[in-house]
Each structure stands twice: as structure tokens, then as C-alpha cells.
Amino acid sequence: MPMGRADWPGLKTAKEHEEFDGAIAAYRRATLLVNPNQRLCPECQLRPLEPFKRLCYICRDKHEKESRRERNRRYQDNGGSTKTES
Ligand SMILES: [Zn+2]
């Protein structure tokens, strides 16, 4: 089952898709115009930073996944050493 924007309700034609994308671009431009001091994410330098956040949502997600992987790795290291000691 395809999961794309084509499946979004209310967006039926290519024209509507174009208008939707245009609205997003216009919104982004407006945000930057309204707030010229808008900071960019220090990691990717691409996405604007949300207030009180240190990273954009993409980079936050990435860091979250990395720290989860790190926890898993440590857990496996401990599990190996406790069982085989004699
Ligand atoms: Zn980022």
C-alpha cells in the first residue's frame, strides 16, 4: 500500500499538489521574513530551529536513534561478560 502525499485526503489533483507545495514554500519564506533572527539548526544548517530547541527535529531524531543504538551496544557487552565468567 503506497504511503505518499497522493493518499492525503483533500489533495486530489497535481494542481492542488502544486498549490500545496507553494503554500509551504510561501509559509517558510514568511517565517524567515517575520523573524530574521531565526536560527538554523547548528548541525545540518538547513532547517530553522524551534524555540528552546538545540537541534531541528530531524537531527533530534537522528541523535535519539544514535543514543538508543549506543545503549543497546552497552547492554550487549554487559550481557556477554556476566555469563561466561568462571
Ligand atoms: Zn538539523
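Mentor: Phe-52 is exposed because 5 other C-beta atoms lie within 10 Å of its own; a residue is exposed with 12 or fewer such atoms, buried with 20 or more, and partly exposed in between, the C-beta atoms being placed from the backbone. This is a predicted model, in which local features need pLDDT of at least 70 and side-chain atom pairs count only at pLDDT 80 or more, while totals for chains, interfaces and linings use all residues. Residues are numbered from 1 along each chain as its sequence is written.

Trainee: Where is Phe-52 found?

Mentor: Helices (H or I, at least four residues) and strands (E, at least two) are DSSP runs, numbered from the N terminus. The protein has two helices and zero strands, and Phe-52 is found in the loop between α1 and α2. Its phi is near 65°, a positive value in a residue other than glycine.

Trainee: What is the phi of Gln-45, and is Gln-45 buried or exposed?

Mentor: Gln-45, in the loop between α1 (14-34) and α2, has a phi near 60°, which is positive although the residue is not glycine. Gln-45 counts as exposed because it has 8 C-beta neighbours inside 10 Å.

Trainee: Which residues is Ile-58 in contact with, leaving aside its neighbours within four places in sequence?

Mentor: Two residues are in contact if their C-beta atoms, placed from the backbone, lie within 7 Å. Ile-58, which lies in helix α2 (residues 57-83), is in contact with Cys-44 and Arg-47 once those neighbours are left aside. Because it has 13 C-beta neighbours inside 10 Å, Ile-58 counts as partly exposed.
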